[in-house]
Amino acid sequence: MTKAFSKDKWSYLLYTLTHPVDGFYWIRHGDRGSLPIAFILVILFSASFSANRLLAGFVVNDIDPRAVDSLYELLGVIAFYILLCVSNWSVTCLMGGEGRMKDILTAVGYGTMPITIGFIVSTIVSRFVADKEQAFYSIILGVCIAWGVIMIIIGIMQVHNFSVGKTLGTLILTFLAMLIIVFIILLLSNLIGKVYNFIHSVYTEVIFRT
Amino acid sequence: MRKMNKLIRVTALLSAILLLVSGQAATVAKADDVPYDTYNYDYREYIHFTPAAYIPDGLRYGKEFVYNGESIGNFKTPQDMCKSPSGEVLIADTGNNRVVILDSKLKNVVNIITSFDNNGKEDKLNQPYGVCVSEKGNIYIADSKNKRVVVLDPEYNLIQIVSDPKSRSLDAGFVFTPYKVAVDYADRVYVIAQNMFEGIMVFETDGQFTGFFGTISVDISVWEKFWRRIATKEERANQKLFIPTEFTGIDVDPEGFIYATNITSDGIQGVRRLNPSGQDVIKKGQNKNLGGDLQISGLGAYYGPSQFTDVVYRKNGIYSCLDRKRGRIFTYDHEGNLLYIFGGLGTQAGTFQMPVAIEELGDRICVLDATAGTIISFKVTEYGDCINKAVALRFDGDETEAVDIWQRVLELDENNELANTGIGKAYLSGGDYENAMKYLKLGMNREYYSIAFKRYRNEILKNNASWFLSGVAVLIAAAVVFGRIRKKRKGALDND
């Protein structure tokens with residue numbers, strides 16, 4: 001097994017970008033992917049997302065800079081990433097997917113790469129477009145996001161060795177699973193809060209009685 | 001030591017007094033000086049507080065007026081106020097069954113109309129609800145309980161009575177109860193009648209009812225349609241009806257366009273500008289809103305969208321709408337930008353209990369309060385005057401001349417987006433694109449910023465064209481040379 005940050009892993013990332021079907025297959029079956037690189041890509045994705053919202057030129061940017069908090073957005077992106085991967089894993093486990101948790105995390109992480117590139121390039125471009133050239137900006141962004149989404153879908157398909165139809169089916173189930181997980185988390189935190197309140201009030205009662 | 005202390009105390013006191021005095025000498029009306037909030041909404045729909053554009057300037061009770069040596073007594077639920085072309089002010093004193101005509105200074109009573117001569121018989125007014133004066137000076141009175149509109153000439157002689165409209169489009173049991181009335185330059189009469197949801201009723205010069213005008217279409221969302229489809233008959237009967245809203249106030253501008261206010265449930269458009277064929281041609285500003293307050297959450301009586309009850313077309317495309325919900329006056333320009341907001345409900349001098357009508361007299365704005373029976377006037381401050389003037393210049397197309405006025409507005413209110421945009425546009429037409437970009441960005445005007453930016457970019461490209469072109473030439477040359485060297489080396493290696 002090669003090191004996580006070896007030159008081979010970085011060049012394989014670029015290979016995956018241009019040959020997603022092949023690339024993702026060997027991430028699962030040949031141990032060519034790297035989990036730490038995937039994590040870095042997710043963090044870069046979040047950073048580029050915030051940067052796009054904050055730094056894109058005035059002509060195309062309608063976002064209130066006061067509403068942008070990059071740390072908050074990083075937490076949100078990471079939470080969504082983990083939620084997506086966990087629910088995908090729990091669904092595909094039952095449906096005969098071959099991918100391990102590690103492979104799903106890597107595939108989704110690598111899949112964000114085109115979107116990150118899109119955000120960075122379009123942010124730079126946006127600072128030079130004016131008056132009726134906004135289409136360039138949206139085309140760059142749109143193409144890159146489409147490419148990224150397709151990569152994530154191919155990645156999930158390849159690491160589980162699914163057909164296209166089955167992948168889309170599991171993705172729908174994945175979103176349902178995400179909703180269920182969020183619901184359970186909310187329920188749990190609510191109940192834990194109630195238990196905590198109960199213990200806390202018993203504690204204050206005891207303190208005041210003595 | 002003690003002496004020293006005293007000295008310090010005295011100087012402190014003196015300087016405090018000085019500060020107070022100088023503070024009061026400032027000409028800008030601060031928010032504390034007026035009994036209402038003065039604010040505006042910025043591009044992001046945040047409230048930003050501004051200096052007052054108009055400040056209270058006294059109020060008049062009915063009993064203060066004297067006619068034929070007697071006090072005319074207080075107004076009783078007056079409902080309408082209008083200005084004649086000669087400057088007189090007519091007040092429909094509904095509860096007292098009379099129309100009071102005051103002079104333009106609101107000092108003396110010119111006449112009181114309680115009845116008129118109808119073919120030799122004395123005919124009395126009964127609850128006159130609305131009043132207006134045509135360009136020729138004819139007086140139109142919406143005599144609501146008598147179900148007619150009375151037209152009098154400037155000498156108060158009867159010209160005609162408009163009543164009992166006949167049309168197939170009217171229900172059989174329809175009772176014509178006119179509330180508000182307006183007349184255009186061709187003497188067409190526009191009437192807002194009770195329970196008339198089809199729109200404003202139009203009468204020709206001869207008093208013939210010709211049809212409805214400016215009907216507000218009801219839009220039902222797909223979702224509501226869906227629910228209505230699956231509901232049973234009984235359920236449907238219990239649902240609220242989808243009826244269009246009624247118009248509330250009406251005014252005519254010199255070009256013959258009708259400004260009419262209506263109550264909205266969503267707070268998006270509370271005023272319309274209707275062209276002679278009845279289409280709404282009003283312009284909406286950047287946030288596509290002409291409904292008064294944008295932040296309409298709150299508790300109790302303060303919750304909900306503004307309810308415009310009257311509108312006055314002022315001049316240069318500026319019009320003001322009176323909101324009875326929170327007693328505020330919203331002033332828009334011809335592009336639909338919200339210029340300033342002032343006024344409020346309350347019992348202090350300068351606030352309203354039940355505002356019903358608004359009129360502009362000279363450079364003052366007057367509001368009629370039905371519950372208190374008072375006329376409250378407001379006078380313009382420097383801030384309001386600057387905005388009015390600058391907007392007037394823009395309306396006439398002299399945007400560059402408005403720059404100095406906008407600069408003064410910025411001194412009074414740093415965050416005024418209209419002022420920033422105005423200055424930015426002037427710089428743009430003056431060719432100073434860098435400054436234009438700066439101000440247009442502050443004014444959040446993306447459209448013009450974009451134009452300024454494009455010109456700025458082209459200017460930079462043009463000025464540095466030689467550098468760019470020589471850079472490109474150098475790069476090409478370098479590529480060619482490197483390519484040759486590489487080839488030679490490769491050839492040399494191959495030869496070896």
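Two residues are in contact if their C-beta atoms, placed from the backbone, lie within 7 Å. The model is predicted; local features need pLDDT of at least 70, side-chain atom pairs count only at pLDDT 80 or more, and totals for chains, interfaces and linings use all residues. Residues are numbered from 1 along each chain as its sequence is written, while chains are lettered from A and ligands numbered from 1 in the order in which they are written.

Helix α5 spans residues 101–111 of chain A, and 9 of its 11 residues are buried. A residue is buried if 20 or more other C-beta atoms lie within 10 Å of its own, exposed if 12 or fewer, and partly exposed in between, with C-beta atoms placed from the backbone. The buried set of α5(A) runs from A:Asp103, A:Ile104 and A:Leu105 through A:Thr106, A:Ala107 and A:Val108 to A:Gly109, A:Tyr110 and A:Gly111.

Chain A holds 8 helices and 0 strands. Helices (H or I, at least four residues) and strands (E, at least two) are DSSP runs, numbered from the N terminus. Of the 210 residues in chain A, 33% are buried. The radius of gyration of chain A is 21 Å, whereas a compact globule of 210 residues would have one near 17 Å. This radius is taken over C-alpha atoms, and the globule rule is 2.2 Å times the number of residues to the power 0.38. The C-alpha atoms of chain A fill a box of roughly 70 × 50 × 35 Å along the principal axes. Among contacts in chain A with a separation of 6 or more, 78% join residues 24 or more positions apart. A:Asp31 lies in the loop between α2 and α3 of chain A. Its phi is positive, near 55°, in a residue other than glycine. A:Asp31 counts as exposed because 12 other C-beta atoms lie within 10 Å.

Chain B is assigned domain 1 (53–378) and domain 2 (401–463). These bounds come from an automatic or database domain assignment. The centres of the two domains of chain B, taken over C-alpha atoms, are separated by 39 Å.

In chain B, 4 strands form an open antiparallel sheet in the order β3-β29-β28-β27. β3 (54–61) and β27 (355–361) of chain B stand at the edges with a single partner strand each, so one side of each is left without a neighbour in the sheet. The twist averages 25° from one strand to the next. Axes are lines fitted to C-alpha atoms, for helices over the stretch in contact, and angles run from 0 to 180 degrees between N-to-C directions. β3(B) pairs with β29 (residues 374–380) of chain B over 6 bridges, in the antiparallel sense. Pairing requires at least two bridges found by DSSP between two strands. B:Ile55 has B:Lys379 in β29(B) as its bridge partner.

Two loop residues of chain B were also examined. B:Asn68 lies between β4 (66–67) and β5 (70–71) of chain B. B:Asn68 has a positive phi of about 55° although it is not a glycine. With 7 other C-beta atoms within 10 Å, B:Asn68 is exposed. B:Arg168 sits in the loop between β15 (158–163) and β16 (178–183) of chain B. B:Arg168 is exposed, with 4 C-beta neighbours inside 10 Å.
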